[in-house]
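Below are my notes on this entry, in numbered points. Please read them beside the coordinates.

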Amino acid sequence: MKAQSFDLVIVGAGPVGLMCAYLARLSGLSAIVLDKSEAPLEVGRADALNARTLQLLELAGLFGEIYPLGKPCNTSSVWKDGRFVSRQSAWWDDLEGCFHRHFLMLGQSFLEKSLDAKLRELGASVRRRAPVERVEVTEEGCRTTLVGGELLESKYVVGADGSRSLVRELFGIPFVIERPQIVWAVIDAELETDFPKVPEIIVFQADTSDVAWIPREGAIDRFYVRMDTKDFTLEDAMAKVNRATWPHAVSLKKLVWFSRFSVKESVAESYFVRDRVFLAGDAAHIHSVNGGQGLNTGLADAFNLIWKLALVLKRGAPSSLLASYESERKPVAVSVIESSGELVRSTKYSATGTHAEDYVKIVERRAGNITGMGIRYGRDGLDGQRLPDFELRSGGETRRIYSLLDYSRYTLLVFGVASPPAPLPDYVRRVDVPDGVPTAAEAILVRPDGYIAAHGTLAEMSARIETPEALVHGL
Ligand SMILES: Cc1cc2nc3c(=O)[nH]c(=O)nc-3n(C[C@H](O)[C@H](O)[C@H](O)COP(=O)(O)OP(=O)(O)OC[C@H]3O[C@@H](n4cnc5c(N)ncnc54)[C@H](O)[C@@H]3O)c2cc1C
């Protein structure tokens with residue numbers, strides 16, 4: 001039987017693989033997602049989307065569906081011996097060009113189920129109970145073999161197959177794991193409590209700062225509890241929770257998820273093989289959950305990668321563009337490991353006994369990573385930074401710029417220049433910004449993933465978009 005053929009085979013239908021498939025669809029690529037599991041995640045794992053992810057969802061047209069499912073939260077407070085000590089949210093106020101200055105507290109399963117349903121609605125291929133056994137790079141592209149022998153051919157493969165990635169292993173990509181011997185319990189539950197709870201992240205100052213209380217969607221809450229040994233029970237973890245919240249008591253009305261995990265940290269040495277096979281999400285980087293950066297970093301990988309594959313495959317952009325996936329995303333993963341590593345280590349080793357407050361200060365200092373808003377590609381200056389979100393007022397109508405971006409194309413923003421729109425290549429759309437939006441540039445060229453590619457006069461930017469080669473020059 002002839003092998004089925006696709007632009008893209010995606011191994012793994014976790015949140016990152018599903019997002020890759022959805023973005024591929026937006027970009028006009030044919031894609032199939034393969035997963036050994038029966039269905040999307042039902043409960044547990046990651047618990048928050050950061051502010052940058054919310055912007056990315058907006059430019060992929062997913063914000064309206066996902067946002068109402070979660071609970072906004074932008075505040076952390078510190079409690080000690082049953083008393084409120086302090087509350088912090090200033091770093092959110094300082095964020096520029098951002099309309100949703102908060103996390104969206106939402107379980108990973110909601111995102112997976114939404115994406116899975118969306119892909120099915122669009123008629124995209126999501127195959128479950130489809131374990132992958134082998135991936136090879138051939139003269140023509142890639143060949144993927146399922147357990148049982150079925151073959152699939154594709155131009156590219158994305159390994160979004162999680163922390164124990166088979167794809168990474170098959171290509172011998174080094175992934176040296178650091179294990180700082182830190183173990184957490186995670187509890188998602190409906191609670192019974194007399195604690196004066198408000199929907200904010202609470203860290204408790206005791207001998208150590210080893211309990212964090214996280215608000216979540218619907219009626220559930222989450223506890224992260226740092227444990228002293230690998231072997232512990234739910235009762236051991238709840239005893240620690242009650243020590244932290246004392247004199248208030250907390251008990252479980254309905255347990256939704258209980259998990260143990262040991263912190264591991266690693267970044268894949270390489271993010272791609274022979275310009276054909278790419279790693280994304282946990283397959284490329286793992287770290288502690290502190291700061292909630294795993295899922296968010298993986299989703300940003302997907303947004304960085306897919307438009308580049310589409311531009312090479314559909315528009316003839318030079319394949320050298322693909323190397324920028326690693327040069328842009330790997331340093332981000334390294335910085336995420338540093339920030340989550342600093343946070344997790346601070347929960348125990350404090351010289352001053354002020355762990356909880358120190359923790360919140362680290363969050364403040366690392367806000368660029370934790371909100372996702374400080375991630376930039378390239379040097380200082382306008383080029384390489386995320387496009388700030390701002391409002392456009394025209395003819396009595398107000399639109400946010402992020403609602404006008406389109407993941408399938410570059411956007412040329414033209415500021416107050418009355419020149420008639422010149423014909424544009426179909427990989428670029430023009431948005432005229434009326435007077436009143438302050439900018440030093442006449443025109444700004446924005447990448448599909450919402451980062452500024454270049455700025456200058458309209459004539460300079462028009463030259464830049466003339467060919468795909470010129471468009472991606474310098475990336
Ligand atoms: C136990 C646990 C608890 C976590 N808790 C938190 C948390 O509290 N907060 C937080 O921010 N993050 C947490 N994380 C991390 C977060 O869940 C990940 O960052 C996120 O899931 C990464 O998504 P992904 O799509 O890259 O990988 P995954 O979600 O791991 O998805 C990988 C997919 O690949 C599939 N797959 C693997 N191998 C194959 C194969 N050979 N063939 C076919 N399919 C395959 C798997 O079935 C899976 O569906 C936790 C992770 C774990 C494991």
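1. Helices (H or I, at least four residues) and strands (E, at least two) are DSSP runs, numbered from the N terminus.

2. Model basis. This is a predicted model: local features need pLDDT of at least 70, side-chain atom pairs count only at pLDDT 80 or more, and totals for chains, interfaces and linings use all residues. Residues are numbered from 1 along each chain as its sequence is written.

3. Domains. The assignment (automatic or from a database) gives domain 1 (4-69 + 107-177 + 265-371) and domain 2 (391-471). The contact between them takes 17 residues from domain 1 and eleven from domain 2; contact means C-beta atoms, placed from the backbone, within 7 Å. On the domain 1 side, α1, α2 (51-59) and α8 each supply at least two residues. The largest share, five residues, comes from α8. That side divides into ten nonpolar, five polar and two charged residues.

4. Core. A nonpolar core is a set of buried Ala, Val, Leu, Ile, Met, Phe, Trp, Tyr and Cys residues joined through C-beta atoms within 7 Å. Buried means 20 or more other C-beta atoms within 10 Å of the residue's own, again placed from the backbone. The largest core has 139 residues, and Ile10, Cys20, Leu23 and Ala280 touch the most other members. Its largest share, twelve residues, comes from α8. Beyond four places in sequence, Ala280 contacts Val16, Cys20, Val158, Ala160, Gly298, Asp301, Ala302 and Leu305.

5. Helix α1. Eleven of its twelve residues are buried, including Cys20 and Leu23. The cover over the buried residues includes β1 (4-11), β2 (31-34), α5 (108-121), β8 (125-127), β11 (151-159) and α8. Does the length of α1 agree or disagree with expectation? At 1.5 Å a residue (times one less than the number of residues), α1 should span 16 Å; its end C-alpha atoms are 16 Å apart, which agrees. Just after α1, Gly28 takes a positive phi of about 80 degrees.

Methods: Contact = placed C-beta atoms within 7 Å. Nonpolar A, V, L, I, M, F, W, Y, C, P; charged D, E, K, R; others polar.
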